[in-house]
Amino acid sequence: MKPVRVIPEATRIAQARASDPRQSVWVSANAGSGKTHVLAQRVIRLLLDDVDPGRILCLTYTRAAAANMSGRVFSTLSAWTILADDELAARIEAIDGERPSAKRLALARKLFARALETPGGLKIQTIHAFCEAVLHQFPLEANIAAHFQMIDPLMEQALFAAARRELLTGAVGAGAEPLLQAFATVLQRGGEAGLDDLLEEIVRNRDGLRGFLDAVAADDPPFRLLFEEFGVEPDETAARIAEAVWPLPGFDPDYFAGFAQACAALSANRALDGIVPDTARGMAEADPERRLALLSSGLLKKDGEPYSPNWVFAKALVARLPDLPDRYAAACGALVAANERLALLRMLDNTRAALTDWLVGRYEQLKAGRGFLDFNDLITRTVRLLARQDAGPWVLYKLDKGIDHILLDEAQDTSPDQWAVVRSLADEFFAGKGSRDGIGRTLFAVGDEKQSIYSFQGAAPEAFAASSHAFAAKVRAARRGFEHIRLNLSFRSTEDVLGAVDRVFADAEVRRGVSFGDDRIEHGAVRAGAPGYVDLWPTIGADAVEEPDDWTQPIDHATAPEVRLAERIAATIHGWIAGGEIIEGTGKRLSAGDVLVLVRKRGSFVNALAKSLKDRHVAVAGADRLTLAAHIAVKDLIALGHVALQPHDDLSLAALLRSPVFGLSEEILFALAHGRGDASLLDALGRSQELDIAAAADQLCRWADEAAFRRPFEFY
């Protein structure tokens, strides 16, 4: 039985103030401090204040969070319908802080049915779902298909593939020289895989790129402003940059010849082995770019930095050439500057090639022609709709009539476009007649910029604090209540763990990476005195693994960082269990079920850890999720199905023969396949005189007969 934790009175008061439905509140909440509880309590208190359920809009970031919120509210309201008056009054008093009247008790019993019967139900939903509903309500004003559909991942991939195919076709057509040149640049520097990654990235970030492209792609020449921003002329070339450092300052060919002779005479091996060979080839190279690369390879380290003169030049060599360190420094300075300039030029060239504006437009045409919208469209189309000079005010007027209270969850992960939607809705709450004297319209937001994890989707955690100040000014200007509340006490973790976090972020420089204010990061624990322990392990890097010359030999991955870390964790857990480790504060011996390993994502490490634990006979659960078709055994069965239906599918048959189904060796398979001429692998199998191979051929024939008459489930 879990111990009952006493919640400090200060935390109770802070949560009660945060859930007060009569004023707007901005809550900064640490992890595990009860923000979902506060959000649910605020919705319930709004309903207790006789607010129409349809006028409450609660926006969360994920469907799971919306379902969790909705479940909490409805479980509380449903329980109220059957409680005795005294118990119900006590629960409402715990929420409200005052004893409810008979009228309030009667209302509390009706809230469950009232919320269920509200048209559309309580609006506890993701912001994407809300925007989708708005667009369905105003499709003409948003200039989209009236019965648009959300695009699924398979259709999105199909449209992207179609746009990519047309793009590749267009690159070789007449008048496509700029597009062809852009493709050549991308393929040369990124390869085909890099091209695909680039195109996917462009489509994914097309909305943010659109404004940038509109600003710079229409220049004459295109992207002129981009090049000017970095102080580069659009017609500057790599050859010009490389030519500018020739002859090399301090290390002209004549001086280098004397330097090389002195190195040889004095057996200055470090200079001879590390500098002379590539530099000599560079001195003799006529092509400026190749010459720059060779000189850099000779005179600079692999990381592009100069060698330490004291390390690379022997004292005797410096005694013979006293000005060598100064000349070397001058040469390296020129090379480093040229390489940096060249890297900048290539970055700009790559950007110009990557953003050749064709794919995004064609993808949008294909999508619009089929009446599809994706998740990005939901937000951007809603932002455009609300910002329109002609239709925006009308849409806001219609929406404003149906919303009196906005609650925003996980506000630190709200993107700028999503904030624009919230601002458009909430600005009317506190402006002119929209403030509705006597109604008490409110805005509530809860979040923690330290927990922002969706920056890759455009989340702007810094906007959390900025929006707080902006809304505070608007609310107070309308003479409404606004309060900023902090919830620092964690219900989830222990003092030791939270203290370690605070210690990490005690340094202001480190803190700047997760917080945009000047306040110290401080965590408290409700579980005061509970045991806790933080153990920091050194990081494990990758080791080089030599691949065997024989491709049939397995590569040893035992030194992979994931495997080594898994082995260490498994050995530690096994040591705890075998050594009779006692769980602090309980007197109970540790068992496998008491250990939880948290991972960032399910990848190779999870499989390695499960294997390591099982090797030590430690019971492990939770690592049993897999993509069924990706499992090697299932792949073998799929190959069997292919062969049963298509006997001349040589590739599937070869995979099946090597699998545990038949277990033929590489040598036997090669002997069967090599030199068979036009015959199929199955024919070669049937002609073999080896008993085991002939038996395999007979078994395949029987399976082919069964596949012709049985359904798949029965066959397998």
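The largest pocket is lined by 36 residues, of which Val 497, Tyr 533, Val 534, Leu 596 and Leu 598 lie nearest its centre. Here a pocket is an open set of points on a 1 Å grid over the protein atoms alone, where a 1.4 Å probe fits, with protein on both sides within 12 Å along at least five of seven lines, and lining residues have an atom within 4 Å of a point. The model is predicted, so local features need pLDDT of at least 70 and side-chain atom pairs count only at pLDDT 80 or more, while totals for chains, interfaces and linings use all residues. Residues are numbered from 1 along each chain as its sequence is written, and side-chain values use heavy atoms, with hydrogens and water left out.

**Largest pocket**

- The space in the largest pocket comes to about 2300 Å³, a volume being the space filled by probe spheres set on grid points that are joined across faces, edges and corners.
- Helix H25 (495-504), helix H27 (561-578) and strand S11 (582-583) are the elements that give two or more residues to this lining; helices (H or I, at least four residues) and strands (E, at least two) are DSSP runs numbered from the N terminus.
- Helix H27 is the main contributor to the lining of the largest pocket, with 5 residues.
- The lining of the largest pocket divides into 22 nonpolar, 7 polar and 7 charged residues, where Ala, Val, Leu, Ile, Met, Phe, Trp, Tyr, Cys and Pro count as nonpolar, Asp, Glu, Lys and Arg as charged, and the others, Gly among them, as polar.

**Cavities**

- There are 2 cavities of 30 Å³ or more, a cavity being a set of grid points where the 1.4 Å probe fits but cannot get out.
- The second largest cavity holds about 40 Å³ of space, and its lining consists of Leu 59, Thr 60, Tyr 61, Ile 127, Leu 408, Asp 409, Thr 414 and Gln 418.
- By class, 4 nonpolar, 3 polar and 1 charged residues line the second largest cavity.

**Overall form**

- The protein contains 34 helices and 12 strands.
- The radius of gyration, taken over C-alpha atoms, is 35 Å, whereas a compact globule of 716 residues would have a value near 27 Å; the globule rule is 2.2 Å times the number of residues to the power 0.38.
- Along the principal axes, the C-alpha atoms fill a box of roughly 105 × 80 × 70 Å.
- Of the 716 residues, 39% are buried; buried means under 20% relative accessible area, exposed over 50% and partly exposed in between (1.4 Å probe, protein chains only).
- Among contacts between residues at least 6 apart in sequence, 70% join residues at least 24 apart, contact meaning heavy atoms within 4.5 Å.

**Nonpolar cores**

- The largest nonpolar core has 46 residues, and Phe 251, Phe 259, Phe 313 and Leu 317 have the most contacts inside it; such a core is a set of buried Ala, Val, Leu, Ile, Met, Phe, Trp, Tyr and Cys residues joined through side-chain atoms within 4.5 Å.
- At least two residues of this core come from each of several helices, including H10 (206-216), H13 (253-266) and H19 (324-354), and H19 gives the most, with 11 residues.
- Beyond its neighbours within four places in sequence, Phe 259 is in contact with Phe 251, Ala 271, Ile 275, Val 276, Phe 313, Leu 317, Leu 321 and Leu 324.
- A second, separate core has 42 residues, among them Phe 138, Leu 386, Ala 420 and Ala 460.

**Backbone features**

- Most residues other than glycine have a negative phi, and most peptide bonds are trans.
- A cis peptide bond, with omega about -5°, joins Trp 246 and Pro 247; Pro 247 lies in the loop between H12 and H13.
- Asn 143, which is not a glycine, has a positive phi of about 60° and is found in the loop between helix H7 (139-142) and strand S4 (149-150). Asn 143 counts as exposed because its relative accessibility is 64%.
- Glu 410, also not a glycine, has a positive phi of about 50° and lies in the loop between strand S6 (405-408) and helix H23 (416-426). Glu 410 counts as partly exposed because its relative accessibility is 21%.

**Met 150**

- Met 150 is found in strand S4 and, at 26% relative accessibility, counts as partly exposed.
- Not counting residues up to four places away in sequence, Met 150 touches Glu 132, Leu 373, Asp 374, Phe 375 and Leu 378.
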